[in-house]
Amino acid sequence: MNRNVLLLSAIAAGIAVPALAQTAAPQPAAPAAAPAQVKPEAVPAKIALIAFEQVVLATNEGQQAVATVQKKYEPAKAKIDATANEVESLKKQLQSGTSLSDEEKASRARTIDTKEKALNRDAEDAQQSYNQDLQEAVSKIAGKVSQVAQQYVAKNGYTLLLDIGSQQSNVMWATPNTDVSQAVVDAYNASSGVAAPPPAAPSATKPATPRPSTATPKK
């Protein structure tokens with residue numbers, strides 16, 4: 001307990017402490033123990049590569065998380081698509097309306113501009129919310145996948161694991177058998193117990209949802 005704590009405790013208890021200043025001289029700290037020296041040792045290198053972000057999304061749990069978030073935003077996407085089609089239709093009507101007066105053309109152009117600005121705002125808000133929800137869902141899985149990846153490479157005698165999935169990767173070429181991405185996906189699926197999602201039904205009208213960035217810190 002230091003001097004300040006003693007003073008506060010004594011004052012709170014109503015105790016006189018005139019002699020404390022004479023007896024509470026600081027004592028020199030004991031010298032810290034020197035850290036143990038670790039002798040460098042050369043070991044045969046066995047390097048493994050992994051496309052970490054793609055691995056997270058390729059797991060059964062990752063696919064399930066993406067599908068859940070996409071389903072949540074289907075109503076918003078349908079509304080945005082409908083508004084986009086309406087704006088496109090109004091533009092075509094304006095372009096083909098040669099018999100319209102200048103005043104009517106100006107009025108329709110203002111209507112289109114207002115709807116288009118609202119559409120862009122709604123689409124941007126929906127995309128940001130979608131990205132945030134997907135990021136949160138995938139981040140929870142990424143930490144667990146990282147642990148499985150580390151366990152896999154340790155068990156199989158690898159001395160170094162490099163992430164080649166990011167744009168900052170410096171790996172220009174490697175033999176295919178050093179890529180453990182699929183092996184980690186299989187190992188994670190086996191440990192998670194999450195079944196593979198059913199194949200998505202083909203759709204001729206619904207465009208694929210653009211995949212946002214899902215890079216997450218590896219734990």
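In which helix is the place of V87? V87 belongs to helix α5. The model is a predicted one, in which local features need pLDDT of at least 70, side-chain atom pairs count only at pLDDT 80 or more, and totals for chains, interfaces and linings use all residues. Residues are numbered from 1 along each chain as its sequence is written, and side-chain values use heavy atoms, with hydrogens and water left out.

The chain holds seven helices and two strands. Helices (H or I, at least four residues) and strands (E, at least two) are DSSP runs, numbered from the N terminus. Along the sequence the pattern reads α-α-β-α-α-α-α-β-α. Of the 219 residues in the chain, 23% are buried. Buried means under 20% relative accessible area, exposed means over 50%, and partly exposed lies in between (1.4 Å probe, protein chains only). A contact requires heavy atoms within 4.5 Å. Among contacts with a separation of 6 or more, 83% join residues 24 or more positions apart.

The largest nonpolar core has 25 residues, and I50, V56, V145 and V184 touch the most other members. A nonpolar core is a set of buried Ala, Val, Leu, Ile, Met, Phe, Trp, Tyr and Cys residues joined through side-chain atoms within 4.5 Å. Elements giving two or more residues to this core are β1, α3, α4, α6 and α7. Helix α6 gives the most, with ten residues. Leaving aside residues up to four places away in sequence, I50 touches V55, A149, L161, L162, D163, I164, G165, D179, V180, S181 and V184.

A second, separate core has five residues, including V87, I112, L119 and A126. V87 counts as buried, at 4% relative accessibility. Beyond four places in sequence, V87 touches I112, K115, E116 and L119. V87 and I112 are 25 residues apart in sequence, yet their C-alpha atoms are 6.2 Å apart. E86 also has its place in helix α5. E86 is partly exposed, with a relative accessible area of 37%. The C-alpha atoms of E86 and I112 are 9.2 Å apart, across 26 residues of sequence.

Helix α7 covers residues 181-192, twelve in number. From first to last C-alpha it reaches 16 Å, close to the 16 Å expected at 1.5 Å a residue. The expected span is 1.5 Å times one less than the number of residues. S181, V184, V185, Y188 and N189 are the buried residues of α7. Down the helix axis these buried residues fall within an arc of 135°, so they line one face of α7. The arc is that of the directions from the helix axis to the C-beta atoms. An α-helix has 3.6 residues a turn, so residues three or four places apart point the same way. The face of α7 turned away from the buried side carries the exposed residues A190 and S191. Cover for the buried residues of α7 includes β1 (47-50), α3 (52-58), α4 (60-72) and α6 (102-155). N189, in helix α7, counts as buried at 16% relative accessibility. Its contacts are T59, N60 and V194, not counting residues up to four places away in sequence. G193 follows α7 and has a positive phi, near 75°.

Helix α4 has 13 residues, which should span 18 Å at 1.5 Å a residue. Its end C-alpha atoms are 19 Å apart, in agreement with that value. N60, E61, G62, A65, V66 and V69 are buried in α4. The buried residues of α4 pack against α3, α6 and α7.

The count of aromatic pairs comes to one. Rings of Phe, Tyr and Trp (its six-membered ring) pair if their centres lie within 6.5 Å; planes under 30 degrees apart count as stacked, over 60 as edge-to-face and the rest as tilted. Y73 and Y130 form an edge-to-face pair, 5.7 Å centre to centre with 80° between the planes. Y73 lies in the loop between α4 and α5 (74-96) and Y130 in helix α6, so the pair ties together parts that are 57 residues apart in sequence. Both Y73 and Y130 are buried. Elsewhere, the charged end of K46 sits over the ring of Y158, 4.6 Å from its centre. A charge sits over a ring if NZ of Lys or CZ of Arg is within 6 Å of the ring centre and within 35 degrees of the ring normal.
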